[in-house]
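I opened a new notebook page for this protein. My plan is to go from the whole chain down to single residues.

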Amino acid sequence: MDTKILHTLEYRKILNTLLSFAQTTMGKKKAEQLEPISELEEVKRLLQQTDEAFTFDRLKGSPSFGGIVDITASIKRAEIGGTLNPHELLGISNTTFAARRLKRQIDTLHEDETIESLFYISDQLSEQKTLEDAIRICIDDNAEVADSASITLAQIRRELRGGEARIREKLDSMIRSSTVSKMLQDQLVTIRGDRFVIPVKSEYRSYFGGIVHDQSGSGATLFIEPESIVAMNNKLRETRIREEREIEVILQKLTALVSEQGEWLLYDVDLLGSLDFIFAKARLARELKATLPRMNDRGFLKLKKGRHPLIPIENVVPIDIELGNDYTSIIVTGPNTGGKTVTLKTIGLLSLMAMSGLFVPAEDGSQLCVFDAIYADIGDEQSIEQNLSTFSSHMTNIIRILKNMTPKSLILLDELGAGTDPAEGSALAISMLEHMHRTGCRMVATTHFSELKAYAYERKGVINASMEFDINTLSPTYRLLVGVPGRSNAFAIAERLGLPRYILDYARGEVKEEDQRIEHMIASLEENRLTAEQEREKAESLRQDMEKLRSRHQTELDKLEQQRDRRIEKAEEDARSIVDKARAEAEKIITDLRQLAMEEGASVKEHKLIAARKQLDEAEPERRKKTVKKTATAPKTRAIGPGDEVLVYSLNQKGHVVELSGSKDAMVQLGIMKMKVSLDDLELKQSASTDKPKQKPVTGMKRTRDDNVKSELDLRGTNLEEALMETDRFIDEAFLANLGQVYIIHGKGTGILRSGIQDYLRKHKHIKSYRLGNYGEGGNGVTVAELE
C-alpha cells in the first residue's frame, strides 16, 4: 500500500493508538509494522484472531503479559558463546513462566469457547519448565546468584560471612577501647574498596599504621585499614575471588542450558509478540466500540453508522453508505465545512483498518471490501518548492492515480476539478469521472460543480449524495444523504443574515431558469426526504413499542413456563416420594412372601398369594383401581344362586357360588380358595341351570381348563431367586388350568438356573415328573414338567 495514502488517511495515528495497547516490546514492534493486506483469506484470518481475542477479553478480561521481556539479544549472545548475567537469566525465566501461564489461560477458555486461532498459536509455545526451574534455583528475585546454586558456592559464602564477622569483631573491640576511640572521627566500621576500615583523625595516622584507603574531602579523616586486620582482609579478598569464579561457572552452566533451547526460545518470543499484538487489537476494538466487519473481494462496501475513529465518539456524526451493488460511484455535493472530506476519510480509513485485521467503529452487519489499492486525492497539496499550484498539485496526483488504478481499486477524490476555471474544471471532472467509472473501480468524489449533479443523475451506476445543511441554524448537520444532490443554499443563508431582499431578487434573476428548476427539484426532493424520514422514525418508534410489548409478553410467558416447570418438578418429586414409599412397601411384601415360602417349603397357598398381591396393589398410592364396570344394559335375569358362575368385581376374578349367606352375601369358590363376598360385588356370568342339572354344592377344588394360561415359561435373563418365584406362580396357574405338561425355558448358560429349577420341581407336590427337552424342544435349555 502506498505510504502517501496511509499518511493522507491518517492511518499512522491508528497504529500509534494500537501501539499504546501492546504490553511487550515484541507486540509494539508488530503493531508498528502493521500494514493493510490485499488477500481476502489472510484478512479474514487476521480478523478471526482479533475476534477471538475480543471474545477472550469479554469473558475473561485482558490477559496479563507481565514478566515477558524481549530476550532475543540474550539468546543470540548465549548461542555464540557469551555468558549471560543474572538479570538476563531472570528475564528468560520470567518470560517462560509467563508464557506457560498465558498458555493455560487460553487452553482453559478453549474448552468452553471456539478460539481455534489463539489456541493454535499458544499450543506451539514450548514447555521450558526444566530451564525455568534450573534458573529459579540459582537466581533469586533480585537477580542475585543464590547460595543454593551450588554446594561450593554455599561453602564459600559461609566462609565469607565468617571472615567478615571476625573482622568486624576485631574492629569493634578496637573502637570500643578508650585509648583508640579518642583517635577516631566516628566510632563505626565502614568499607572502602571491599576492605574494612575505620575513620581515624589525620593527626593519629602514625599510631595505627596499616593502609590508608581513602580520606574525607577536608582531609581531617583518614579511612585506615589497621595493620592487625590486613591479613584478615587479604584472606577475605581471596575468598571473594573464589566466589566470583564459582558464580562464573554457575552462570556459564545456565547459559549453556539457554543455548540448547535457543531456537525454541526465539520461536516462543515471536509467538508471544504475536499474541500480545492480537490482544492489543482487541483492546483497541473495545476502546473504539468497534465491531467485526464482514469482508468480501467483489467491491461491495456497506457501512452502518460508521464513525471516524479519530473524532471523539460524543462529537462524531455516523454515516450510512453503500457502494458496489446498484451503483459503483458516488458524487457528493454540498457547502464547505459540511463534512464531505471527513466522509471520504472515514470510508478510506475504515477500509484500511479492516484490511489490517482491525475491527471498525460501525454497527454490526457492516461490510467492507479487500481492495488491491486505495488511492486518495484529499486536501490542498500545493508546493512552493516544486512551483505547483493547487490545481497542478491535484492534477499531478490524479494522473498518478489514473496510471495505477485497477477495477479492484477504491478511489477517493476531494474537490474534483477545483482550483481552475469552473467551466473547464467541471468538464475535466466529468471526463475523469467517466473514465474511472468505465474502468470499474469503486469511487467516491466530492465537488461544488452543479454540472456533476446532472452527470450523476443521467449516468447509470453513479448516484448523487450530499451533506445535510440546516437552514434554520445556518449550520451543517454532517449527515450524509445518499440519493439527494446538494444545494448551495447561498440565497437562503444570505437572506437569514440580513441581505436586502431587492439584492436577493436581482441575484435570483441572474440565475439561469434551468438552474432554478434544478434547485427547486432538489428542494422538493429534500422536502420529500424529510417527510419520508419522519414517517420512518414514526414507524421505527412503533416497531420499538411493539418490540417492547413482545418482550414484555415473552417475559410473562417465560415466567408462566417457569412456574409450570416448578410445579411439574414438585409434582415429579412428590411422585418420586410416593413411588419410593410404594417400593419400600413392595419390598416388605416380597420379604414376607419369601419368609412365607421358607416356612411352608416350596408351596404357598393360593389365598395367601392373592392376599399378598392385593396388599401390593394397595401399596401403590394415588392410583385408582381399575374395576370392571357393571353393564347397565344387561340387567340380571334372576337372583344369583348356588352353582352359578360369577365375576367378583373387586378381584376381577371368576368363580362359582357355593352357597348363599343370608340375603346380602354369598360364599364363592375362587380356585382352591373360598371367600365370602357381598352380592353387590358379584355379576352373574352363567347360570348353573342353563348348562346342566343343578348339582349339590361342593366344597372341594374344581379344576377347569383356562385357555389364557400358556404352557411355557421363559426365565432367561432372571436370577435364581426371581426364577423360582415365577416358576411357583406358573405351576399353580397351570395346575388350576388343568394343563398336563408345561415347558420351562431357562437357557443353557452356566447351568445354575437349570439346576435350581429342577431341584425345585423335584420337591413340588403338583409335579409328577420332569425331564430335559428333546431335540426340537430346546435340548438342555428347556425342562419339560408333567403335572399330576
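Predicted model: local features only at pLDDT ≥ 70, side-chain atom pairs only at ≥ 80, totals over all residues.

Residues are numbered from 1 along each chain as its sequence is written, and side-chain values use heavy atoms, with hydrogens and water left out.

**Overall count.** I found 24 helices and 23 strands. Both are DSSP runs, numbered from the N terminus: helices are H or I with at least four residues, strands are E with at least two. Next I checked burial (buried is under 20% relative accessible area, exposed over 50%, partly exposed in between, with a 1.4 Å probe and protein chains only). Of the 788 residues, 41% are buried.

**Cores.** I looked up nonpolar cores, which are sets of buried Ala, Val, Leu, Ile, Met, Phe, Trp, Tyr and Cys residues joined through side-chain atoms within 4.5 Å. The largest one has 54 residues, and Leu18, Ile374 and Leu412 have the most contacts inside it. Helix 14 (residues 340–355) gives this core its largest share, eight residues. Another core lies apart from it, with 43 residues, including Ala53 and Leu265. I then followed Leu412. Beyond its neighbours within four places in sequence, Leu412 touches Leu9, Leu344 and Ile374, among others.

**Helix 2 and helix 3.** How do the axes of helix 2 and helix 3 cross? They cross at roughly 170 degrees and come within 9 Å. Axes are lines fitted to C-alpha atoms, for helices over the stretch in contact, and angles run from 0 to 180 degrees between N-to-C directions. Angles over 145 degrees count as roughly antiparallel, so that is what this pair is. Arg12, Leu15, Leu18 and Leu19 in helix 2 meet Lys28, Ala31 and Glu32 in helix 3.

**Cysteines.** I searched for disulfides, meaning pairs of cysteine sulfur atoms within 2.5 Å. The count is zero. Cys369 is buried at 2% relative accessible area, and Cys441 is buried at 1%.

**Asp681.** Is Asp681 buried or exposed? Asp681 is buried, at 18%. It sits in the loop between strand 18 (673–678) and strand 19 (682–686). Leaving aside neighbours within four places in sequence, Asp681 contacts Leu647, Val648, Tyr649 and Ser650.

Terms used:
Parallel < 35°, antiparallel > 145°, perpendicular 65-115°, else oblique. Contact = heavy atoms within 4.5 Å.
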